[in-house]
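Colleague: I would like to learn how to read a few features of this model. Please take them one by one.

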Amino acid sequence: MSFEILVVEDEDDIRNLIAGILSDDGYPVREANGSVQALSEFKSRKPSLVIMDVWLKGSDMDGIELMDVFKKTDPDIPVIIISGHGSVETAVSAIRKGAYDYIVKPFPSEKLLITAKRALETVQLRQENADLKGRSVLEESLIGRSSVICQLRQKIDRIAPTNSRVLISGPSGAGKELIARLLHDKSDRSNGPFRAVNAASMVPERVEEELFGVEDAHGNAVKIGLLERAHFGTLYLDEVADMPRETQSKLLRLLVNQRFHRVGGQKDVQVDVRVITSTSRDLEKETRLGHFREDLYHRLNVMPLTAPPLMDRREDIPELVEYFIDRLSGSTGLPARSIGDDAMAALQAHDWPGNVRQLKNNVERLLILAGGKPGEPITLKSLPEEVSVVRQATNAQDSDRIVSLPLRDAREHFEREYLQVQIERFGGNISRTATFVGMERSALHRKLKSLGINSSSKLSGATLSDAQTTEREQE
């Protein structure tokens, strides 16, 4: 993780020595020779760690008073106090007022580096804990082996190290934030912070405060924004289409210059942040309608990615269900259950408008409410009503129509519906569909042709041998 250290010391030779030791160990360092310059550096961008002399000659404030000012802006910032006139009382007082540690001059360089490393490890641990609280325990990896998911993984692996801006499109619940986190985790910024915010969930009047932070009339940062907190890391903006137009202009300036002003501030704050955005709407259409800035759209859409809806990857549902059952049983204490073939077929046939999130919620509901003994598989009758039918189109009116048909026509209607569901369930793979329904591939092809089902549009997920078999049969 890239950390910035602010060194505050009034004696030039000692300040340069400390900065040199830290720089040689790979840390970016900024320097200040007194309280005025230290406040200016802190206002320009919050450091990760402050190393500060307790006595600052010619300054308005000493190190302890300056630490109090820093702590008002960020109570968690670690401060290491150094002094050439150390005493137990001074050290205890500094620690009680919030210092991370106290070092007496002169000190060996190893002592400085070890103390700084431990302080920064505390910062990183605190950041990781915050990230874990904001991350669902079930959202750790892309589950599935469908072609669309395999292609998405390959794109993520190629894009992640590039530091390019990414725009993720897809319906709600399809895993857009998971994709953003994977891009972060696989990048060179993986040890840096990942900050996520949903633009649609923020009050429009407070969007800028959340993103850019706030300064008071004296130039003090009274609130550190998400952009500053994401320094050396990634900022993920979900539902970016809902961002107010004025904020869009300021975000554009950030993308161009990596600089911004806090609300109420006049000075630039410079950050190094990768911006990843997502939307469930057609952002290109929103741009044409004038609802979203065209120049910002092109800045964000450097690398487009799509989170596929679950109905386009039905063959992944068994693996997803197994994964959810395993993780939910571990986190909730609910007994793990297997899913019967009839229930799994219904789950794969459902359209899942809420996508993976809806599937996960239904699996959790099943574990809680499903009847039967713990060791018995969950059957079709245990499924929630919303997914217990094979196709949502099958309703009372449809049943009445089937009853009015002769047996041959009703059977043909059922076979057509049944085979369409199975082909969708297996992602167009004719071999797997034929195996499940208990037919030879050639017989299935003939049946599909007799029922007027165009299987060619479903062959995108089929194997090469399937396509070759079809060609041989047509010859």
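Colleague: Leaving aside its neighbours within four places in sequence, which residues is Arg 45 in contact with?

Modeller: First, the ground rules. This is a predicted model, in which local features need pLDDT of at least 70 and side-chain atom pairs count only at pLDDT 80 or more, while totals for chains, interfaces and linings use all residues. Residues are numbered from 1 along each chain as its sequence is written, and side-chain values use heavy atoms, with hydrogens and water left out. Contact means heavy atoms within 4.5 Å. By that rule Arg 45 touches Glu 4, Arg 30, Glu 228, His 231, Arg 262, Val 269, Gln 270 and Val 271.

Colleague: Is Arg 45 buried or exposed?

Modeller: Buried means under 20% relative accessible area, exposed over 50%, partly exposed in between (1.4 Å probe, protein chains only). Arg 45 has 12%, so it is buried.

Colleague: Where is Arg 45 found?

Modeller: Helices (H or I, at least four residues) and strands (E, at least two) are DSSP runs, numbered from the N terminus. Arg 45 is in the loop between helix H2 (35-44) and strand S3 (49-53).

Colleague: What covers the buried residues of H13?

Modeller: Those buried residues include Leu 320, Phe 324 and Leu 328. Their cover includes helix H14 (341-349) and helix H15 (355-369).
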